[in-house]
Amino acid sequence: MKQTDQKIKYIELVQSVIVRFSNNGFILKGWATSLVLGFFVFIPKGEMFSPVLLVFSYIPVVTFWLFDAFQLQYERKYRKLYDSVIKLKEEDKITFDLDVKEKYRDVGYFQCFSSKTLMFYPIIIILINLIIILCCLNVQ
């Protein structure tokens, strides 16, 4: 196989990993939304209502936020790998190495956790807070 064909295959391999990570991000957001809505649907109404039960709806939001930040971190690492593969010269050896754990330590977890692409989760937390406040006002 020619060097250019190997480079194209390597680029396609890295692209498929990036696409998989980005799809996982959408799936995590969907699961978080579904679970939060599920909590609100099954909260007892009337005299059995307790605002403390609504606090449990924070658990899936925070959990999926952490998972999504992890996914985004690795997606960014693979994007850097993609950029380095694109910059390979004709005489460089192609190794098909997909290990990004040690190579790209500059992509931090907490940078990804506070990324604007994950601002979906704080918005959900704000909405949960509003629902808790409105439910507490209605009970009293």
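**Close-up views of a predicted model**

View 1. R79 itself is partly exposed, at 42% relative accessibility.

**View 2. K80 meets D106.** Here a salt bridge joins K80 to D106, with 2.5 Å between the closest N and O atoms. K80 counts as partly exposed at 32% relative accessibility, and D106 does too, at 48%.

**View 3. K77, a buried lysine without a salt bridge.** K77 sits in helix 3 (residues 58-86). This residue is buried yet forms no salt bridge; D106, the nearest side chain of opposite charge, is 7.5 Å away. Beyond its sequence neighbours up to four places away, K77 touches V100, K101, Y104 and V107.

**View 4. D68 and K29 link two helices.** The closest N and O atoms of this salt bridge lie 2.7 Å apart. D68 is in helix 3 and K29 in helix 1, so the pair ties together parts that are 39 residues apart in sequence. Both partners are buried: D68 has 3% relative accessibility, and K29 has a relative accessible area of 18%.

**View 5. Y121 and its surroundings.** Look for Y121 in helix 5 (residues 120-139), where its 0% relative accessibility makes it buried. Leaving aside neighbours within four places in sequence, its contacts include K29, D68, F64 and W65. V61 is 60 residues from Y121 in sequence, but their C-alpha atoms are 6.4 Å apart.

Conventions. Residues are numbered from 1 along each chain as its sequence is written. This is a predicted model: local features need pLDDT of at least 70, side-chain atom pairs count only at pLDDT 80 or more; totals for chains, interfaces and linings use all residues. Side-chain values use heavy atoms; hydrogens and water are left out. Helices (H or I, at least four residues) and strands (E, at least two) are DSSP runs, numbered from the N terminus. Buried means under 20% relative accessible area, exposed over 50%, partly exposed in between (1.4 Å probe, protein chains only). Contact means heavy atoms within 4.5 Å. Lys and Arg count as positive and Asp and Glu as negative; His and the chain ends are not counted. A salt bridge is a side-chain nitrogen of Lys or Arg within 4 Å of a carboxyl oxygen of Asp or Glu.
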